[in-house]
Amino acid sequence: MKILLVDPPFQKFMDFKKYYIPLGLLYIAAELEKRGHEVWVYDADYHPKGKSLEFLEKIEHYPLYIEGLTNCKHKIWDEVMGVFEDIKPDIVGISLISTKFMSGMKIADLYKKMGVKRIICGGVHTSLRPEEVIRNSDIDSIVIGEGEYAFDRALTERKVIADRITNLDDIVFPERDRLYNLADYSPTDLGMIISSRGCPYNCSFCCSEKLWGRRVIFRSIDNIIEEIKLLKYKYGTKDFYFIDDSFTCDKNRTIRLCDRIKELNIAWSCLTRADLISESIIHKMKDSGCKMVKMGLESGSQKVLGIMNKRTDKEDVIRASEILRNHRLPWTAYFMVGTPGENEKDVEETLDFIREVKPDFISFAIFTPYPGTLLFDKLGLTDISYHFFNHHSGFNKFSDVSLEKIKEVAHFSDKYNKEARCN
Ligand code: B12
Ligand code: SF4
């Protein structure tokens, strides 16, 4: 059967460059291909010529997304329909995260009108809000959980609940060759890898616990090294990015992995937490080619960190920043603004904290209580207006922090990063 798997557009409406490949869909594509299907993965959000938007621009460009959603003549929908015409799939699979829910439903509407036989939805949002997805008459079936083995079942069943995959080495490597417009991707774009699934923590703004039950399943080190070697050989990738929720959560494994990565002579970056950073681990990471560490610091106010159930304190961050600086390992810090319970004094504390710990780059998002999170449940949200419900959206308001203050933060952040680039 001919299957088209789609990652719906979101940032592209705002002319925002996206660097990430839809890894989940590429995993599914590899399994489906093994079973004899002809598969294409279309990342409708990929925009290599887009701009790297600054925080203020993100807020200001947000209405472009809302406009795009309601404008059937938008060039992005033309492109979406053009890909359908080109491939003429029998089955379409749509990946949904909450930010892309509206956009995904629009694709389902367009493709159903173009005559596709079956539309299957999966992804994080489908797993967390299955009823909200399946009640749409364009959707024929849904998969809750990981799609590699479950997609096939969704060809005949309406609602599939996937068993958790316990041996990740058993699944085929994500098939990047199945990307529609593969030629547009750089070797670095293709170097995104996930070496584990799940996270042992339960921050109140994150849905990881609901998705994975705080159980982390790791791939074997041999299996990860094999994928890196394959990407190096096949696409010439020299720069890799581990997108694990918390890459260094098992210290011994990280050290063993670094020892093996070192032999490959590559550069790499990862996501981690401040409390998982130590002298020994950073020494190993740097020595094996790590060139950037990204951390969700979220806030510089201990009170807000408590609300977030972050389980790190400012002292952890100060200590981690010193270790990173001593090892000359650049780092990026992610923050949020507008968390319930946060006020403008807390925001000022965050900005002071940034000046104190001096990350190399910073990134801010506007707090959004995504489904599946403790804060979503606490706020008791029922009827969500997904058009406005978004980490770019200045329409979000869940705290005493005003939009003016958020824009002030945006100015600070953009100026900070500009100065960082000049230094
Ligand atoms: C890499 C990543 C990103 C990348 C890009 C991801 C991409 N491909 O576009 C970047 C940095 C851009 C990003 C940004 C954001 N992200 Co993000 N991201 C991730 C991360 C860490 C990994 C995604 C991944 O590849 N996972 C690995 C694969 C194997 O899993 P998967 O994608 O879920 O796919 C599996 C299943 O879901 C299912 N499946 C998926 N699609 C389909 C489709 C069909 C038809 C079927 C049957 C099955 C199926 O099968 C797949 C294989 O098992 C996840 C966390 C995580 N560990 O998953 C968060 C996550 C997806 N992100 C999240 C969020 C909130 C965001 C942001 C809003 C964060 C922010 N505040 O800025 C933005 C929004 C970006 C946007 N464009 O809308 C949330 C989503 C929450 C939600 N309710 O939707 C997650 C789950 C993190 C979390 N725990 O809270 N993200
Ligand atoms: S925010 Fe990061 S550390 Fe916290 S639960 Fe989510 S993935 Fe884990």
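These are my notebook entries on a predicted model of one protein chain with its ligands.

**Entry 1: ground rules**

I noted that residues are numbered from 1 along each chain as its sequence is written, and that chains are lettered from A and ligands numbered from 1 in the order in which they are written. Since the model is predicted, local features need pLDDT of at least 70 and side-chain atom pairs count only at pLDDT 80 or more, while totals for chains, interfaces and linings use all residues.

**Entry 2: the whole chain**

I looked up the secondary structure and found 15 helices and 14 strands in the protein chain. Helices (H or I, at least four residues) and strands (E, at least two) are DSSP runs, numbered from the N terminus. Along the principal axes, the C-alpha atoms fill a box of roughly 60 × 50 × 40 Å.

I then checked burial: 43% of the 423 residues are buried. A residue is buried if 20 or more other C-beta atoms lie within 10 Å of its own, exposed if 12 or fewer, and partly exposed in between, with C-beta atoms placed from the backbone. For contacts between residues at least 6 apart in sequence, 75% join residues at least 24 apart. Two residues are in contact if their C-beta atoms, placed from the backbone, lie within 7 Å.

**Entry 3: two domains**

I found the chain divided into domain 1 (1-183) and domain 2 (186-423); these bounds come from an automatic or database domain assignment. The C-alpha centres of the two domains lie 24 Å apart. Across the boundary, 26 residues of domain 1 are in contact with 29 residues of domain 2. On the domain 1 side, helix 2 (55-70), helix 4 (101-113) and helix 5 (124-128) give two or more residues each.

**Entry 4: the largest nonpolar core**

I looked up the largest nonpolar core and counted 103 residues, of which Leu5, Ala29 and Val337 touch the most other members. Helix 1 (residues 23-34) supplies the largest share of this core, seven residues. Domain 1 and domain 2 each give at least three residues to the core. Such a core is a set of buried Ala, Val, Leu, Ile, Met, Phe, Trp, Tyr and Cys residues joined through C-beta atoms within 7 Å. In soluble globular proteins, nonpolar side chains tend to be buried together. I followed Val337: beyond four places in sequence, Val337 touches Val347, Phe364, Ile366, Phe367, Val401, Ile406 and Val409.

**Entry 5: ligand 1**

I listed 40 residues around ligand 1, with Gly24, Gly93, Ser95, Gly122 and Gly147 coming nearest. A residue is near a molecule or strand if its C-beta atom, placed from the backbone, lies within 6 Å of it. Both domains give residues to this shell, so ligand 1 lies between them. Helix 1, strand 3 (91-95), strand 4 (118-122) and helix 5 each supply at least two residues, and helix 1 gives the most, five. The shell around ligand 1 divides into 23 nonpolar, 13 polar and four charged residues.

I took a closer look at Gly24, which lies in helix 1. Gly24 is buried, with 21 other C-beta atoms within 10 Å. Leaving aside neighbours within four places in sequence, Gly24 is in contact with Ser95, Gly123 and Gly147.

**Entry 6: ligand 2**

Around ligand 2 I found Cys199, Tyr201, Asn202, Cys203, Cys206, Ser208, Asp245, Ser246, Arg273 and Gly296. This shell divides into four nonpolar, four polar and two charged residues.

**Entry 7: two positive phi angles**

Most residues other than glycine have a negative phi. I noted Asp15, not a glycine, with a positive phi of about 65 degrees. Asp15 sits in the loop between strand 1 (2-7) and helix 1, and is partly exposed, with 14 other C-beta atoms within 10 Å. Lys358, also not a glycine, has a positive phi of about 50 degrees. Lys358 sits in the loop between helix 13 (344-357) and strand 14 (361-366), and is partly exposed, with 15 other C-beta atoms within 10 Å.

Methods:
Nonpolar A, V, L, I, M, F, W, Y, C, P; charged D, E, K, R; others polar.
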